[in-house]
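Please look through the sequence and the three-dimensional structure shown here before reading the report, and keep both in view while you read.

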Amino acid sequence: MASNTLNESKQLATWYFTFAFILFGAQLLFGLVAATQFVMPGFLFEILDFSVARTLHINALVVWMVFAMFGSVYWLLPDETGINTIGIKMGKLLYWVFVAAIAVVVLVYIFVQVGPADQTTIWFIMEGREYIEAPRWADIGIVVVALGFVANLFLTGMKGKQTGIVTVLMADMIAFAGLYLAGMFFTDNISVDQYWWWWVIHLWVEATWEVFVGAIAAYGLITMIGAHRKVVEMWLWIEVAMLFGSGILGMGHHYFWIGTPEYWWEIGALFSALEPIPLVAMFVHVLYDWGKTQGAEEEAGNPASVINNKPAFTWFVLNAFGNFLGAGIWGFFHTLPQVNLYTHGTQFTSAHGHLAFFGAYATILIGMMYIAVQGKNNIKVLKNTKSSIWAVSMIAGGVMGMTVALTIAGYVQVLVSRAQMGATWAGYFDGQEGMWFAQGMDWRLIMGLVTFLGFALLAKDLLTTGKNPVHER
Ligand code: HEM
Ligand code: HEM
Ligand SMILES: [Fe+2]
C-alpha cells in the first residue's frame, strides 16, 4: 500500500538503492576472490586472474557508491525543495540506460578481460585507469546519465525551496560530474596520464564526495533527530569551506613521485595535512547536534521520541567515526612525503583505502538505504533488530579487522622492503615472504568473510523491514 503512494522521485531513489546494493554484494564477492588469490596464488588462475578480480572489486565499489549517491539525492529532493522532482520521466529512462551500460561493462570485464594495446580496447574493453576502467563508449553513456541527473537536480532546486542543503548539492554535483571528464582522455605519457587521473580520484573522494557527505549528514540529522536546520546548515557551510580549502591542493600528496615538479612536496604536505580538520568538524557536528537535540527533548519531557530510525542513525554515527579514522587518521599517517617515501604503494595504502571508503561513504549510504526503507514502508519509528545489530557489528568489525591486518602487512613492507632492503626488487619479495605479512593476508581473508556474512544479514534486514511487526507504524 505504502509503495503506491510513494513520491515518484523517492520511488526512483529506491531503484537506485536496489541496484547499488546488488553491486555492493558483487564488490565483496570479487574482493574475496582477490583476497583468496593472495593466500592461494593458483586460485582461478587464467579463469579470473587477480588483475580482473581486483578491477571488478574496485569498479563495483565506485559504481555502487555513485548509484547510492544519485539515489540519496532523488530521495531528499522532494523533502528539501517541497515540490516534485522535475524531469522524473527522463530520470527513470536514464536509470535504465545506466544499469544496462554497467551490466555490459561488467560482462565484458568478466568474459573478455583484456585486449591488445590499441584504440579498440580503449573504446570497447577497458581504459586501464584504476577505479574508472570503463571503456570509452560507457564513459560517454555515464556522462549523458550524469548530465540528466544534474539537470533534474538544477531544475528542481531552482524552482523549489532553496535550502542550504540543496544549494550545496547543486554546486557539488556539477563539480562531481565535471571532474569525471579528466579521466576520459588518453595520453601516452604515464606521468601526464596519472596527473589527470588523480583529478578524478582524489578530487572526488577528498573534495566533492566529502561535501556530499556533509550535505547528507545534515539532511539525516534533521530527518532522524529533528536537529535545527539553522545550526546544521551553519556547520555545513563551514565544512564545505574547509573541505574544499584543504582538499583541492591536498591533491599534491599524490604528486610526490610520479614525475611532477618537486614543489608538490611542500604543497602536498601542507594542504593534505590540513585535511583531517574538516573531518574532525564533521565528527563533532554529528555528535554535538545529537547531544543538543536530545538535551532539548529531555527538558521538554519526551526523551523517547528522539531518534526515529535507529539503524540509520547507527550507520550515520559510524560514518562520523569512520570518516575521521579512515580518512583523517589513516590518511594523515602517510601523507607527509618523508613518510610516504616508505609507505607509498604498500599494503598500508590498501588499509587506508579500505577504512576510508568504508568509513566515509559505505556507512552513510547504507544509512540512507535505511531511511528509504523506512519511508517506503511508512514506518514511524524504525527500531534495531537482531539482524540489523549483527549486520552493522560484523561489517564494521570485519572492515576494521581487515584494516588492522593490512596495516601490519604494510608495516612489514615498510621495514623490510623499503627501510632494510632499500626498495629493491629482492626487497619487494623478501617483504612479502615475511611471516607477519603472510599472516596479515590470512587475516584479511578471514575478516573479509566476516564482512560478507554481515552483508548477508544486512540484506535480510533491509528486505524484511516492511513486514517486521517490531517497528512502529
Ligand atoms: C574519504 C576520503 C578518502 C578516501 C576514500 C581515500 C581513499 C584512498 C585510496 C583508495 C587510495 C589509494 C589510491 C591508489 O590506488 O593508488 C588513497 C591514497 C592516499 N590517500 Fe586517501 N582517501 C581519503 C582521504 C585521505 C586523506 C584525508 C588523506 C590525508 C590526510 C589521504 C592520504 C592519502 C595518501 C597520502 C595516499 C597515497 C598513498 C600512497 O602513496 O600509496 N587520503 N586514498
Ligand atoms: C569481503 C571484504 C573485502 C575483501 C576480501 C577485499 C579484498 C581486497 C583485495 C584483495 C584488494 C586488492 C589489494 C591489492 O591490490 O593489494 C582490495 C582492494 C581494494 N578494496 Fe577491498 N575488500 C573487501 C571489502 C572492501 C570494502 C568494504 C571496501 C570499501 C568500502 C573496499 C575497498 C577497496 C579499495 C579502495 C581497494 C583498492 C586499494 C588500493 O589500491 O590501495 N574493499 N580489496
Ligand atoms: Fe588524496
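## About the model

This is a predicted model, in which local features need pLDDT of at least 70 and side-chain atom pairs count only at pLDDT 80 or more, while totals for chains, interfaces and linings use all residues. Residues are numbered from 1 along each chain as its sequence is written, and chains are lettered from A and ligands numbered from 1 in the order in which they are written.

The protein is assigned domain 1 (1–186) and domain 2 (307–473), where the bounds come from an automatic or database domain assignment. The centres of domain 1 and domain 2, taken over C-alpha atoms, are separated by 21 Å. To the contact, domain 1 contributes 21 residues and domain 2 contributes 18 residues; two residues are in contact if their C-beta atoms, placed from the backbone, lie within 7 Å.

On the side of domain 1 that touches domain 2, the elements giving two or more residues are helix H1 (2–5), H2 and H3. Such helices (H or I, at least four residues), like strands (E, at least two), are DSSP runs numbered from the N terminus. H2 provides the largest share of this side of domain 1, with 13 residues. By class, the side of domain 1 that touches domain 2 has 14 nonpolar, six polar and one charged residues, where Ala, Val, Leu, Ile, Met, Phe, Trp, Tyr, Cys and Pro count as nonpolar, Asp, Glu, Lys and Arg as charged, and the others, Gly among them, as polar.

## The shell around ligand 2

Which residues come nearest to ligand 2? Of the 21 residues around ligand 2, they are Gly31, Ala34, Gly353, Phe357 and Gly448; a residue is near a molecule or strand if its C-beta atom, placed from the backbone, lies within 6 Å of it. Two or more residues of this shell are given by each of helix H2 (8–39), helix H3 (50–81), helix H14 (347–376) and helix H17 (435–464), and the largest share, seven residues, comes from H14.

The residues of the shell around ligand 2 comprise twelve nonpolar, eight polar and one charged. Because domain 1 (1–186) and domain 2 (307–473) both give residues to this shell, ligand 2 lies between them.

## The shell around ligand 1

Ligand 1 is surrounded by 23 residues, of which the closest are Gly331, Thr349, Gly353, Ala356 and Ala360. At least two residues of the shell are supplied by each of helix H8 (190–225), helix H12 (310–333) and H14, and H14 gives the largest share of the shell around ligand 1, six residues. By class, the shell around ligand 1 has seven nonpolar, 13 polar and three charged residues.

## Helix H12

How does the length of H12 fit its number of residues? At 1.5 Å a residue, the 24 residues of H12 should span 34 Å, which agrees with the 33 Å between its end C-alpha atoms; the expected span of a helix is 1.5 Å times one less than its number of residues.

H12 bends by about 30 degrees at Gly322, the bend at a residue being the angle between axes fitted to the seven residues ending there and the seven starting there. H12 is also mostly covered, since 18 of its 24 residues are buried. A residue is buried if 20 or more other C-beta atoms lie within 10 Å of its own, exposed if 12 or fewer, and partly exposed in between, with C-beta atoms placed from the backbone.

## Two residues with a positive phi

Most residues other than glycine have a negative phi, and most peptide bonds are trans. Gln113, although it is not a glycine, has a positive phi of about 65 degrees, and Gln113 is found in the loop between helix H4 (88–111) and helix H5 (119–124). Because Gln113 has 16 C-beta neighbours inside 10 Å, Gln113 counts as partly exposed.

Ala423 is not a glycine either, and its positive phi is about 55 degrees. The place of Ala423 is in the loop between helix H15 (386–420) and helix H16 (425–433), and with 15 C-beta neighbours inside 10 Å, Ala423 counts as partly exposed.

## A pair separated in sequence

Val192 lies in helix H8 and, with 13 C-beta neighbours inside 10 Å, counts as partly exposed. Val192 and Ile258 are 66 residues apart in sequence and, from C-alpha to C-alpha, 9.0 Å apart in space.
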